[in-house]
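Below are some notes for a colleague who is meeting this structure for the first time.

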Amino acid sequence: MIFSIGSQFSKEFSFEESSITMRLGEKVNSYFENKKYGNRIEKIYISVICVSKGFEQFFKVRPMKIYRAEHSLEYELKLDFGTFKSSTEEQRTRLLVGEILRTTKKVLIEKTINGFEKEEFIRDLEAYFKQHGYLEETII
């Protein structure tokens with residue numbers, strides 16, 4: 001499975017601050033690269049949006065999309081700009097991980113995807129975050 005995290009940050013963030021999503025995505029992807037959860041979904045793309053109030057109207061969270069030809073799904077999540085901007089890097093990672101897990105559970109539970117073991121995927125994602133110290137408790 002391919003797991004990718006992209007981002008859309010407003011100009012108030014430096015490249016280093018906004019690349020937190022890319023770094024986390026690379027780590028998570030290396031964990032999932034040899035895992036398989038059925039034949040329906042082989043790639044998951046998450047886009048993280050964190051923009052200041054002046055840009056919010058241009059960055060609405062779109063609903064999850066499933067691409068049959070690519071065997072992939074894509075969804076977006078939004079982080080609170082003020083909270084994220086004022087946090088340390090460790091706090092930002094925890095905020096990001098918490099929101100990824102919360103949103104992943106929400107969008108996957110709401111949708112029936114035949115041929116994709118979504119419960120197993122969610123368990124593995126949560127276990128990875130806990131194992132690496134990003135998450136201390138279960139996110140509903």
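1. A residue to start from is T93, which, once its neighbours within four places in sequence are set aside, is in contact with I20 and Y134, contact meaning heavy atoms within 4.5 Å. T93 belongs to helix α5 and is buried, with a relative accessible area of 13%; buried stands for under 20% relative accessible area, exposed for over 50%, and partly exposed for what is in between, with a 1.4 Å probe and protein chains only.

2. Some words on the basis of these notes: the model is predicted, so that local features need pLDDT of at least 70 and side-chain atom pairs count only at pLDDT 80 or more, while totals for chains, interfaces and linings use all residues. Residues are numbered from 1 along each chain as its sequence is written, and side-chain values use heavy atoms, with hydrogens and water left out. Helices (H or I, at least four residues) and strands (E, at least two) are DSSP runs, numbered from the N terminus.

3. The strands form an open sheet of four, in the order β1-β2-β4-β3 and with mixed pairing, where two strands pair if DSSP finds at least two bridges between them. The edge strands are β1 and β3, each of which pairs on one side only. Neighbouring strands of this sheet are turned by 20° against each other on average, direction ignored; axes here are lines fitted to C-alpha atoms, for helices over the stretch in contact, and angles run from 0 to 180 degrees between N-to-C directions.

4. Taking the pairs in turn, β1 and β2 are parallel and share eight bridges, and F3 has I44 as its bridge partner in β2. Strand β2 (residues 43-50) also runs parallel to β4, to which it is joined by seven bridges, and I49 has K78 as its bridge partner in β4. Strand β3 (residues 65-67), by contrast, is antiparallel to β4 and is joined to it by three bridges, with Y67 standing opposite S72. In the hairpin of β3 and β4 there are four residues between the strands, and H71 takes a positive phi near 55°.

5. Is strand β4 (residues 72-78) mostly covered or mostly uncovered? It is mostly covered, since five of its seven residues are buried. In strand β2, I44 counts as buried at 0% relative accessibility. I44 and E74 are 30 residues apart in sequence, but their C-alpha atoms are 5.9 Å apart in space. Leaving aside neighbours within four places in sequence, I44 is in contact with residues including M1, L73, F116 and F121.

6. Helix α5 (residues 89-109) has 21 residues, which at 1.5 Å a residue should span 30 Å, and its end C-alpha atoms are 30 Å apart, which agrees; the expected span is 1.5 Å times one less than the number of residues. The helix lies across β1, β2 and β4, running at about 125° to β4. Among its buried residues are R92, V97, G98 and K105. L96, also in α5, is buried with a relative accessible area of 0% and touches I20, T21, L24, V48 and L79, not counting residues up to four places away in sequence.

7. What do α5 and α6 do where they meet? Their axes come within 11 Å and cross at roughly 175°, and the two helices are therefore roughly antiparallel to each other, a label given to angles over 145 degrees, with under 35 counted as roughly parallel, 65 to 115 as roughly perpendicular and the rest as oblique. Residues of α5 including V97, I100 and L108 meet residues of α6 including F121, L125 and F129.

8. The largest nonpolar core has 37 residues, and those with the most contacts inside it are I44, F116, F121 and F129; such a core is a set of buried Ala, Val, Leu, Ile, Met, Phe, Trp, Tyr and Cys residues joined through side-chain atoms within 4.5 Å. The elements that give two or more residues to this core are β1 (2-9), α2 (20-32), β2, β4, α4 (81-85), α5 and α6 (118-131), and α5 provides the largest share, six residues. F129, leaving aside neighbours within four places in sequence, is in contact with L24, V28, V97, I100, Y134 and L135.
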